[in-house]
Amino acid sequence: MLTIHRPASGVRLLADHPDEDVTDAGHAVVVDGRRFAAIGPYEELYAAYGDRARIREWDGVLTPGRYEPDAVALLEAAYWPDPREAGELGTERLTGTALDALGMTGPRWGASARRGVQRLLARGTTVLAGPFTRPEVRTAVERSGIRWYEPAPRTPRPRALTPSGVADFAVFADDGMCLVTALDGRLVYRGRA
């Protein structure tokens, strides 16, 4: 199914590029399945695809999303509590001696990693730095659909939104809050307005 994503603040084609931080106001993207079909001025895209596409409007800027260089530490050296554990453990990640006291098992690492990935998606993360050595964590990352670099680059690789490219993107409000994260053209996180 075709979807036109129309961000109110425009489209930023590149992320983590040292010489480029341009936002194209009035632009939108067309997603066809898991790929971008077109990127350009909304009026042109609507004229070409509007009669057969769903329109989604977002109050922010659409970008390639965030790169998380500390993903290994966040997923393999931290525990993300289950909401049912909030009374006992709180809601923020546990590390150090608090983590050591939990007596982590394989299944508990997997569940924690799934919750950690959800937190990263809620921040607009579309790429992680690996490698992930705990099998349960690696499985959680693989099943989420999020991409990762293995081995991690010393500096973030520039990422771009391109026609025919994989439709991984995020939309951020003017205050920096993530509104939407999409992987392979699927909305995997949608913030509450």
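The following dialogue concerns a predicted model and the grounds for several terms applied to it.

Modeller: In this predicted model, local features need pLDDT of at least 70 and side-chain atom pairs count only at pLDDT 80 or more, whereas totals for chains, interfaces and linings use all residues. Residues are numbered from 1 along each chain as its sequence is written, and side-chain values use heavy atoms, with hydrogens and water left out.

Biologist: Why is Trp 80 called buried?

Modeller: Buried means under 20% relative accessible area, exposed over 50%, and partly exposed in between (1.4 Å probe, protein chains only). Trp 80 has a relative accessible area of 3%, and therefore counts as buried. Trp 80 is placed in the loop between H2 and H3; helices here are DSSP runs (H or I, at least four residues), numbered from the N terminus.

Biologist: Which residues are in contact with Trp 80, leaving aside its neighbours within four places in sequence?

Modeller: Contact means heavy atoms within 4.5 Å. Among the partners of Trp 80 are Leu 74, Leu 75, Arg 93 and Arg 115. The C-alpha atoms of Trp 80 and Arg 93 are separated by 4.6 Å, although these residues stand 13 apart along the chain.

Biologist: Why does Glu 85 count as buried?

Modeller: The relative accessibility of Glu 85 is 17%, and the limit for buried is under 20%; Glu 85 therefore counts as buried. Glu 85 lies in the loop between H2 and helix H3 (86–89).

Biologist: What makes a polar contact of the pair formed by the side chains of Glu 85 and Arg 108?

Modeller: A polar contact is a pair of N or O atoms within 3.5 Å; within protein, one must be able to donate a hydrogen and the other to accept it, and residues adjacent in sequence count only if both atoms are side-chain atoms. The two side chains make such a contact at 2.8 Å.

Biologist: What makes a set of residues a nonpolar core?

Modeller: The set must consist of buried Ala, Val, Leu, Ile, Met, Phe, Trp, Tyr and Cys residues joined through side-chain atoms within 4.5 Å. The largest such core has 17 residues, and Leu 75, Leu 121, Leu 128, Phe 132, Val 137, Val 141 and Ile 146 touch the most other members. Its largest share, four residues, comes from H5. A second, separate core of 14 residues includes Val 11, Trp 58, Leu 161 and Leu 179.

Biologist: Which residues does Leu 121 contact beyond its neighbours within four places in sequence?

Modeller: Leu 121 is in contact with Ile 146, Cys 178, Thr 181, Leu 183, Val 188 and Tyr 189.

Methods. Helix = DSSP H or I, 4+ residues; strand = E, 2+ residues; numbered from the N terminus.
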